[in-house]
Amino acid sequence: MPRSAQRGVDDDAFGDVVRRETTVVFGFILRRVGDRSLTEDLTQETFLRAWRARRQFRGEDTQGEGSSMRGWLCSIAANVVRDHARRERRRPTEVREPEHGDIPVGGDLGDRVVQAEALDRLREALTALPVRQREMFLLRERDGLTYKEIAAALECPIGTVMSGLARARERLAAAVLG
């Protein structure tokens with residue numbers, strides 16, 4: 001986040017963060033609560049908390065190493081979901097990953113059929129992954145979080161993230177290629 005947004009001088013800078021990261025935060029929350037309307041509310045709560053805590057974001061973790069805005073927002077989103085679950089006296093629900101984009105239109109029909117079949121196998125394999133591995137994989141490969149950021153967002157050791165991602169990739173490769 002630009003320093004001006006941290007100091008509260010430039011509201012537009014925070015607005016840029018919201019526009020850039022809303023899709024990631026929304027998807028992160030949707031996979032936990034499974035309800036689009038509730039997800040919209042919790043996404044707004046996430047950004048509200050981030051706005052209030054913007055001066056606390058230093059771009060580094062407790063060891064003084066770098067942390068991205070996206071990782072910080074996912075950590076806030078995880079807390080928002082947990083707080084909501086506590087208020088509702090229930091645990092967050094894990095749901096299937098929303099559908100990915102359409103198959104590219106270009107190329108020959110045979111290639112598109114092969115791509116469509118591979119995507120179907122990937123979707124099925126993603127759904128079959130243990131919830132934690134699926135979340136780690138999506139945060140890494142789709143949302144671009146580092147291992148350290150995933151560990152912070154999911155509140156688990158970095159070694160757990162590394163081994164979970166390795167297992168997820170093995171299972172997905174076997175399903176798609178196999």
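The following dialogue walks through how to read a predicted model of one protein chain.

Trainee: How is this model numbered, and which residues count for local features?

Mentor: Residues are numbered from 1 along each chain as its sequence is written, and side-chain values use heavy atoms, with hydrogens and water left out. As this is a predicted model, local features need pLDDT of at least 70 and side-chain atom pairs count only at pLDDT 80 or more, while totals for chains, interfaces and linings use all residues.

Trainee: What is the average pLDDT of the protein chain, and which element has the lowest mean?

Mentor: The term pLDDT is the predictor's confidence in each residue, from 0 to 100. Where pLDDT is low, the predicted coordinates should not be read in detail. Here the protein chain averages 79, and 76% of the residues score at least 70.

Trainee: Which residues have the most contacts inside the largest nonpolar core?

Mentor: In soluble globular proteins, nonpolar side chains tend to be buried together. A nonpolar core is a set of buried Ala, Val, Leu, Ile, Met, Phe, Trp, Tyr and Cys residues joined through side-chain atoms within 4.5 Å, where buried means under 20% relative accessible area with a 1.4 Å probe, protein chains only. The largest one has 39 residues, and those with the most contacts inside it (heavy atoms within 4.5 Å) are Phe28, Ile29, Trp72, Leu73 and Ile150. Helix H4 gives the most to this core, with nine residues. Buried residues make up 38% of the 178 residues in the protein chain.

Trainee: At what angle do the axes of H7 and H8 cross?

Mentor: Two packed helices are described by the angle between their axes and the distance between the axes. Axes are lines fitted to C-alpha atoms, for helices over the stretch in contact, and angles run from 0 to 180 degrees between N-to-C directions. Those of H7 and H8 come within 9 Å and cross at roughly 105°, so the two helices are roughly perpendicular to each other, a label for angles of 65 to 115 degrees. Among the residues that meet there are Ile150 in H7 and Val161 and Leu165 in H8.

Conventions. Buried means under 20% relative accessible area, exposed over 50%, partly exposed in between (1.4 Å probe, protein chains only). Helices (H or I, at least four residues) and strands (E, at least two) are DSSP runs, numbered from the N terminus. Angles under 35 degrees count as roughly parallel, over 145 as roughly antiparallel, 65 to 115 as roughly perpendicular and the rest as oblique.
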